[in-house]
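Please open the structure in your viewer and keep the selection panel at hand.

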Amino acid sequence: MKMKSSLGDKIFDIFNITLMLIICFVTLYPIWYIIVYSFNDGKDAMLGGIYFWPRKFTLDNYITVFSNSDITTAFMVTIARTIITTTLHVFFTAMVAYAFMKKELVGRKIYMTMGTITLFFGGGLIPYFLLIKSLGLYNNFLVYVIPGMFNFYNLIIFQAFFRELPVELEESAKIDGANDFLIFTRIIIPLSMPVLATIALFVGVYNWNDYFTGVIFINNPKLQPIQTFLYKVIAETTSNQMLAYAPGGIATRNVTSQSLKMATMVITTLPIVCVYPFLQKYFVKGLLIGAIKG
Amino acid sequence: MEIVEQTKNSSSHLSPFKRFLHKLNEQKYLQAMAIPGVIWMIIFCYIPMYGIIIAFKEYDITLGINKSPWVGLANFREFFSDERFWLIIKNTVGISFFKLLVGFPLPILFAVLLNELTSVRFKRTVQTISYLPHFISWVVLGGILMNWLSETGLINIIFTKLGILKQPITFLAEPKYFWGIAVISEVWKELGWNAIIYLAAIAGIDPELYEAATVDGAGRITKMFKITIPCISGTIAIMFILAVSGLMNSNFDQIFVLRNPLNADASDVIDIYVYKMGIEAFRFSYATAIGLFKSIIALILLLLANGVTKKLTDKSLF
């Protein structure tokens, strides 16, 4: 079916491919830059001129970062909050979505209207802040978990998926005497892995990358996620404190606050960057359901 | 179906209230699954909505929300006569406007050009790479930007070498560069992500259209402008109207990282000002009033956008 392409088309192709290569370079280079910087001797990096490859390769930045207990604690907080909140969010929101979808549910209209309003209007930062304080969630690990358990927008995505499921299985289970909760856990959940993965990815990324909850609701450094730690290091330049934690010798030798920041940024970003290409089809699908519904 | 009818018959002789209780009892599992969600919404969405009343009060931390004295519209009046009021409106709308101006057409163009790549493998690789920045947090991107835009950073090195600059500039310390930095960094981060929806729309175009055009002797560029873009114009219109309705939402996560006292005159948007007044200065009532002002404008914009979409495309949000 391929036609002989004209000269104009060829020129266009060359232009287009070049443009795409430039876009790829511009996209990847900042990430590459921090990786290179993080593997280079800190003092040497300060002299400049490191663009594409480490000049004085070293692992000292990473050794210092990993021996800093503030950073390892922050990593643990991030990992814990991401796993716990994502798991709870996915099952809780899916459960409510399933229940809200049943036509026989008494109060369904009121519940759905209540949810829809939350999409367009909210209390804003200060009333929310006062609420969190009065619930005792200030400086409490649960501030990452409980407010993050539910989201009405994700509920709509779940419902769009559930509607496509065959009803026969549900009906036969009902005749066998299964209650709604059993139907949900035994039939709906196993059939819904694609949408569960989609929402899990969105919620997981949000929890991994969120720094503001830690800035505003946490002042105990032991409960701080890594992004909040990094925010404080970057915005408030406390990285000299990082140096103080360095194991004997390294700090004074060749690690700088800048090279430590770079190493921390790389470690923070790497897990998500490694995971997302494999989940591509899920988030593309999820985004489209969301867009159609929205 | 039969089961449902049977239960209807068996409860038909009961009074309406008893029938209601009967129905509730029948769906106790369903209600047990639904009500936790309702409670969550009441606590985390509706109680804060109720808390908005402190915008009309002078909130006193010892008295609480309910007992604090009413002050009417005093907080709003103060905001409208605040010396930074116009500056904040200008920054909020200005940053969003330029993000729209640059950030809206580029993903469309990117999607259309990406679609023109003949190698499927190359196309897929570019696509995957283009999503990457979306997954990077604003804190990390902020860290890179602060490094590159500093006096000794990469941008200054390149610009001075190229002769564009004679003296290095600390970009983030000067308000006049802030909007540009905010716009460019957001476009960098979301270009590929925002193109997803257009790529899907393009994938839905009937291939026969292209074949017919090829038979008629149309070149690739002609097809791009005469088929691809017209076919996705519906999607473009809806996305545009949605983007306009979000004009009051500057990207808080981004600006919160990039702002500093030196660039405050260009980075103080409504959301940041709410944070400064409320969380930093403890003026809860004043900050709530400013936040409410923003929510109302945003809601009006959304309703307008919804009305326009309805007229143009028969599709609407609600």
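Which residues in H13(A) meet residues in H16(A)? Before selecting them, note that this is a predicted model, in which local features need pLDDT of at least 70 and side-chain atom pairs count only at pLDDT 80 or more, while totals for chains, interfaces and linings use all residues. Residues are numbered from 1 along each chain as its sequence is written, chains are lettered from A and ligands numbered from 1 in the order in which they are written, and side-chain values use heavy atoms, with hydrogens and water left out.

**First stop: a helix pair in chain A**

Select Ile226(A), Gln227(A), Leu230(A), Val233(A) and Ile234(A) in H13(A), which meet Lys261(A), Thr264(A), Met265(A) and Thr268(A) in H16(A); contact means heavy atoms within 4.5 Å. By class, this contact of H13(A) with H16(A) has 5 nonpolar, 3 polar and 1 charged residues (Ala, Val, Leu, Ile, Met, Phe, Trp, Tyr, Cys and Pro count as nonpolar, Asp, Glu, Lys and Arg as charged, and the others, Gly among them, as polar).

Now show residues 226-235 and 257-275 of chain A as cartoons: these are helices H13 and H16, which pack at an angle of about 155° with their axes 11 Å apart. Helices are DSSP runs (H or I, at least four residues), as are strands (E, at least two), numbered from the N terminus. Axes are lines fitted to C-alpha atoms, for helices over the stretch in contact, and angles run from 0 to 180 degrees between N-to-C directions.

**Second stop: chain B**

Select chain B, where there are 18 helices and 0 strands, and whose C-alpha atoms fill a box of roughly 85 × 65 × 35 Å along the principal axes. Of its 318 residues, 48% count as buried, that is, under 20% relative accessible area, with exposed over 50% and partly exposed in between (1.4 Å probe, protein chains only). Among contacts in chain B between residues at least 6 apart in sequence, 61% join residues at least 24 apart.
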